[in-house]
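Please keep the sequence and the model at hand while reading.

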Amino acid sequence: MTPDEPSPSPEAQLSERDRAVLALERQGWASPGVKERAIRERLGISPARYYQLLNALLDDPRALAHDPVTINRLRRVREARRARR
């Protein structure tokens with residue numbers, strides 16, 4: 001890449017899996033069991049791994065650029081949990 005070329009957008013750098021995790025998290029879920037089943041079926045990973053990936057995305061500026069509403073909502077939830085400890 002030459003200095004005259006624009007750098008790739010932050011969104012373009014998110015992996016397909018990261019975008020799928022954020023898309024799944026944007027949805028509303030009737031119960032945790034339904035969400036866990038969707039995690040396994042759609043992403044092919046365990047719920048524990050899903051939450052590890054999601055937590056890492058909360059600190060990733062690329063994820064914030066891709067989906068600011070979801071990331072900011074989840075950051076508020078995380079901070080509220082930390083404050084209760």
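In the largest pocket, α5 supplies the largest share of the lining, 6 residues. The model is predicted, so local features need pLDDT of at least 70 and side-chain atom pairs count only at pLDDT 80 or more, whereas totals for chains, interfaces and linings use all residues. Residues are numbered from 1 along each chain as its sequence is written, and side-chain values use heavy atoms, with hydrogens and water left out.

**Largest pocket**

- The space in the largest pocket is about 330 Å³; a volume here is the space filled by probe spheres set on grid points joined across faces, edges and corners.
- A pocket is an open set of points, on a 1 Å grid over the protein atoms alone, where a 1.4 Å probe fits, with protein on both sides within 12 Å along at least five of seven lines; lining residues have an atom within 4 Å of a point.
- Its lining comprises 13 residues, and those nearest the centre are Asn55, Leu58, Val77, Arg78 and Arg81.
- Two or more lining residues come from each of α3 (47-58) and α5 (68-84); helices are DSSP runs (H or I, at least four residues), numbered from the N terminus.
- By class, the lining holds 5 nonpolar, 1 polar and 7 charged residues; Ala, Val, Leu, Ile, Met, Phe, Trp, Tyr, Cys and Pro count as nonpolar, Asp, Glu, Lys and Arg as charged, and the others, Gly among them, as polar.

**Packing of α1 with α2**

- Helix α1 (residues 16-26) packs against helix α2 (residues 32-43) at an angle of about 155°, their axes lying 11 Å apart; axes are lines fitted to C-alpha atoms over the stretch in contact, and angles run from 0 to 180 degrees between N-to-C directions.
- The two helices are therefore roughly antiparallel (over 145 degrees; 65 to 115 counts as roughly perpendicular).
- Ala20, Val21, Leu24 and Glu25 of α1 touch Lys35, Ala38, Ile39, Arg42 and Leu43 of α2, contact meaning heavy atoms within 4.5 Å.
- This contact contains 6 nonpolar, no polar and 3 charged residues.

**Packing around α3**

- The axes of α1 and α3 are 10 Å apart at an angle of about 100°, which means that α1 is roughly perpendicular to α3.
- The α1 and α3 contact divides into 7 nonpolar, no polar and 4 charged residues.
- Between α3 and α5 the angle is about 105°, with the axes 10 Å apart, so α3 is roughly perpendicular to α5.
- Leu54, Asn55, Leu57 and Leu58 of α3 meet Ile71, Leu74, Arg75 and Arg78 of α5.

How values were computed
Parallel < 35°, antiparallel > 145°, perpendicular 65-115°, else oblique.
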